[in-house]
Amino acid sequence: MELDLRKLRYFVAVAEHLHFGRAAQALFVAQPVLSRQIRAFERELGCPLFTRSTRSVELTAAGKQLYDEASRITAVVDVALRRVREAHRGEQRLVVGFSPGLHVSDAIRAFTASHPEVEIDVFPLRWWERDAPLRDGRAHVGYLRRPFDDSGLRTVPIGHETKVACLPVTHPLAGRHALTLADLDGEPILDGRTGRPSSLEEKFELIASGQGIALVPLSVARSYSRPALVYVTVTDAPPVETCLAVLESGRTGPVPDFLDIATATLRSAPPLRPSS
């Protein structure tokens, strides 16, 4: 079957709102039209995407999978169309992605000073995405933390970050000045292997409510400080490498100059130190 992007966007709207009426309003279409399009999409796919009742709309297992895939598909299409329009207008644009807690503002200021003709957009990466926005075209350059899949990428090391344990303030270890990994044996760790909260805010909310702990880079801890959480240095946790990354096939236009300037700027920044 050929993918109908209009039906896919309709599906995404319903999946986000979980309500046909609100989705129809957001799309500026009549609700019966939206319902027919979704039913036609389900027939084309050969599986139901939603479980409907008089009171609720829920995604099926197939619907959840399609929703995960749809965001990538629509992002690639949107980026491609935007770049076509920019090429027609003779514009130069650079999108810089960055992992949570990492800061690229100094590098962007330094680049803009010598390249004022290039428009810069920043793209905050969700904590599980890592290199995906580079590969699907949403970002030209990424300021990332390892580990990630670096196949097909040129990576430039920038520095290293220490890790700290994020604990609820009521945790028995919260009053310690430092911890070791052995101190955390048996603690429920919230990470990508034990389920993926949709955001760091959700992750820290789970920790604050006593659902587990996490090991996070120091810059993330500094960016998400809150009274209900305590961050304690883990002395033997391996440091996290930070680096700039670009596609090997995408080093054109302003990308090489930005990479050179950002490398020099970010490497010269003073390293973060845990609070004493």
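Ala, Val, Leu, Ile, Met, Phe, Trp, Tyr, Cys and Pro count here as nonpolar, Asp, Glu, Lys and Arg as charged, and the others, Gly among them, as polar. By that scheme the lining of the largest pocket has 18 nonpolar, two polar and eleven charged residues. The model is predicted.

**Pockets**

The largest pocket holds about 840 Å³ of space. Arg 130, Lys 163, Lys 203, Leu 215 and Pro 217 lie nearest its centre. Helix 7 (200–208), strand 9 (214–217) and strand 11 (240–247) each give at least two residues to the lining of the largest pocket. Strand 9 supplies the largest share, three residues.

In the second largest pocket, Tyr 143, Ala 269, Pro 270, Pro 271 and Leu 272 lie nearest the centre. Two or more lining residues come from each of helix 5 (105–114), strand 6 (153–161), helix 8 (218–223) and helix 9 (255–267).

| Pocket | Volume | Lining | Classes in lining |
|---|---|---|---|
| Largest | about 840 Å³ | 31 residues | 18 nonpolar, two polar, eleven charged |

**Helix packing**

Helix 1 (residues 5–17) and helix 3 (residues 31–45) have axes that come within 9 Å and cross at roughly 110°. Angles of 65 to 115 degrees count as roughly perpendicular, so helix 1 is roughly perpendicular to helix 3. The crossing is left-handed. Helix 1 makes the contact through Arg 6, Lys 7, Leu 8, Tyr 10, Phe 11 and Val 14. Helix 3 contributes Leu 34, Gln 37, Ile 38, Ala 40, Phe 41 and Glu 44. The residues of this contact divide into eight nonpolar, one polar and three charged.

Technical notes:
Residues numbered from 1 in each chain as written. Predicted model: local features only at pLDDT ≥ 70, side-chain atom pairs only at ≥ 80, totals over all residues. Heavy atoms only, no water. Axes fitted to C-alpha atoms, helices over the stretch in contact; angles between N-to-C directions. Helix = DSSP H or I, 4+ residues; strand = E, 2+ residues; numbered from the N terminus. Parallel < 35°, antiparallel > 145°, perpendicular 65-115°, else oblique. Left-handed = near helix turned anticlockwise from the far one by under 90°. Contact = heavy atoms within 4.5 Å. 1 Å grid on protein atoms, 1.4 Å probe; cavity = no way out; pocket = protein on both sides within 12 Å on 5 of 7 lines; lining within 4 Å. Points joined across faces, edges and corners; volume = space filled by probe spheres on them.
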